[in-house]
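Subject: Structure handover

Hello,

Please find the structure below.

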Amino acid sequence: MTFKTLDDLDAGQRVLVRLDLNSPVEDGEVQDNRRFDRHATTVQELADRGDRVVLMAHQGRPGGDDFVSLEQHADILAGHIGMDVKFVADTYGDEAIEAIRGLEAGEVLLLENTRMLDEELPEEDPEVKAETEFVQTLSQEFDAYVNDAYSAAHRKHASLVGFPLVLPSYAGRVMESEYEANSSIATQEFEGDVTMVVGGTKATDVIGVMNALDEKVDQFLLGGIAGELFLRAAGHEVGYDVGGMDLFDDQWEANEDLIRSILDEKGDQIVLATDLAYEDDNDERAEVPVANITEKDTGYLDVGSDTVATYTPYIHDSEAVFVKGALGLFEDERFAVGTVGVLEAIAETDCFSVVGGGDTSRAIEMYGMSEDDFSHVSIAGGAYIRAMTGESLPAVELLQSN
Ligand SMILES: Nc1ncnc2c1ncn2[C@@H]1O[C@H](COP(=O)(O)OP(=O)(O)O)[C@@H](O)[C@H]1O
Ligand SMILES: O=C(OP(=O)(O)O)[C@H](O)COP(=O)(O)O
């Protein structure tokens, strides 16, 4: 089923646009990444047509270190569009409404992080979200809603599912291209082996999907947080929050039963790390075989070199490889071995490959690889693997029924 696009939207209107500018934040600084570059196309097109363009986006999750204002995002986006992007530290209050009404044709304004509003979260039905004060108040100011945030379309948050029920709604250019690429993956058949590399920090997102993809994927190569949680289930002393971390224990509680059942029933499809890397007393990378780990006192930041050597032949022998999430903290060069090793192994072959995730795809430029070495580099992570199961994404579904 298709949706209306910018081709169907008359120019010169007041347009509310949902982007996904969710980005890595290092020491309080928002890091530029593909999401800005891709969304710039949609924003520029609307501004060039003389629309009044108001942007909504989220950043991080409440309580996290990356839960920050969107002020820096406005400057980064402006650099990609080559024009001013105004910012207002408000979403639908008086200050925001005044800034929206003050916009001239062709001007762009970014509103504050939608997740700073109680009504944005939690996930609820579109009908409930459409009734929120946020959606009801803000929608009065606009003629149309454009959703460009494919990578957040698996979330039933107000800015994603509320507005399509109250405003004429359209897909932005990124929504269009990501939808097309990712939906076609869902229906593609491969004769040879299909491998999925699973890592990153959002283990909860990927574990349920792994379970749903077991017929499509021959083997899952694990790293990152999900990888350690599977090792924990297999009886190793890893995958615990140590030294103030907040990555493992909550996700373990939420997924323990599922992880154990996947290991029990589909264990032969799961390939786990044989060694892990950590920072030693001299601040250097050190590696240890998983079998030698006897104390749960160390935070592991990457899979080890032996694991990369184990994973590489699986990749070389595959007809298709899908990556969701980094195998380690690749932003730190010492812990990039797993992620870069796997991406280089994919780049060496001519298999069909998709690399997904706003964070993970950054490793491609950071370590001198080229986007051309992969069939598709998606700015979506959780949404793209959800789409692989053939399941529809709530925010996309609403655009289609609009
Ligand atoms: N062992 C680890 N410890 C800490 N962070 C990790 C680890 N493994 C992976 N990461 C981090 O995971 C992030 C990617 O996570 P996630 O957001 O789930 O994936 P994506 O953005 O690709 O969808 C990377 O920025 C990387 O630093
Ligand atoms: O970055 C995102 O997802 P991703 O890490 O799966 O690519 C989206 O912005 C969704 O963010 P969320 O997982 O905090 O809801």
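His376 touches Glu178, Ala181, Asn182, Ser353, Val354 and Val355. Contact here means heavy atoms within 4.5 Å. Residues up to four places away in sequence are not counted. His376 sits in strand β17, residues 376–377. Strands (E, at least two residues) and helices (H or I, at least four) are DSSP runs, numbered from the N terminus. His376 is buried, with a relative accessible area of 17%. Buried means under 20% relative accessible area, exposed means over 50%, and partly exposed lies in between (1.4 Å probe, protein chains only).

Some ground rules. This is a predicted model, where local features need pLDDT of at least 70, side-chain atom pairs count only at pLDDT 80 or more, and totals for chains, interfaces and linings use all residues. Residues are numbered from 1 along each chain as its sequence is written, chains are lettered from A and ligands numbered from 1 in the order in which they are written, and side-chain values use heavy atoms, with hydrogens and water left out.

**Ligand 1**

How many residues surround ligand 1? There are 21, and the closest are Thr201, Lys324, Glu331, Asp359 and Thr360. A residue counts as near a molecule or strand if one of its heavy atoms lies within 4 Å of it. The shell divides into eight nonpolar, nine polar and four charged residues. For these classes, Ala, Val, Leu, Ile, Met, Phe, Trp, Tyr, Cys and Pro are nonpolar, Asp, Glu, Lys and Arg are charged, and the others, Gly among them, are polar.

Now the polar contacts. Such a contact is a pair of N or O atoms within 3.5 Å; within protein, one must be able to donate a hydrogen and the other to accept it, and residues adjacent in sequence count only if both atoms are side-chain atoms. Thr360 brings a polar side-chain atom to 2.2 Å from an oxygen atom of ligand 1. Thr201 uses a polar backbone atom, 2.9 Å from an oxygen atom of the ligand. Tyr300 has a backbone N or O atom 3.1 Å from a nitrogen atom of ligand 1. On its own, ligand 1 has 570 Å² of accessible area, and the protein covers 92% of that. Accessible areas come from the Shrake-Rupley method with a 1.4 Å probe; for residues, only the protein chains shown count as cover.

**Ligand 2**

Ligand 2 has 13 residues around it. Asp20, Arg61, Arg155, Lys202 and Gly382 come nearest. Which classes make up this shell? It has no nonpolar, six polar and seven charged residues.

Gly382 places a backbone N or O atom 2.6 Å from an oxygen atom of ligand 2. A side-chain N or O atom of Arg115 is 2.8 Å from an oxygen atom of the ligand. For Arg35, the side-chain distance to an oxygen atom of ligand 2 is 2.9 Å. The protein covers 93% of the 390 Å² of accessible area that ligand 2 has on its own.

An unreviewed UniProt entry annotates Arg35, Arg115 and Arg155 as "binding site". UniProt positions are given in the numbering used here, feature names are shortened, and annotations may be inferred rather than shown by experiment.

Arg35 lies in helix α1, residues 34–48. It is buried, at 7% relative accessibility. Its side chain reaches the backbone oxygen of Asn22 at 2.9 Å.

Arg115 is in the loop between β6 (108–110) and α4 (126–130). Is Arg115 buried or exposed? At 9% relative accessibility, Arg115 counts as buried. Beyond four places in sequence, Arg115 touches several residues, including His58, Gly60 and Arg61.

Arg155 is in the loop between β7 (144–147) and α6 (158–162). Arg155 is buried too, at 13%. A polar contact of 2.8 Å joins the side chains of Arg155 and Asp205. Arg155 and Ala78 are 77 residues apart in sequence and 27 Å apart in space, C-alpha to C-alpha.

**Two more annotated positions**

The "binding site" feature in the unreviewed UniProt entry also includes Leu21 and Gly60. Leu21 is in the loop between β1 (14–18) and β2 (25–26). Its relative accessible area is 0%, so it counts as buried. Gly60 lies in the loop between β4 (52–56) and α2 (71–81). Gly60 is buried, at 5% relative accessibility. Beyond its neighbours within four places in sequence, Gly60 is in contact with Asn22, Asp66, Phe67 and Arg115.

Best wishes
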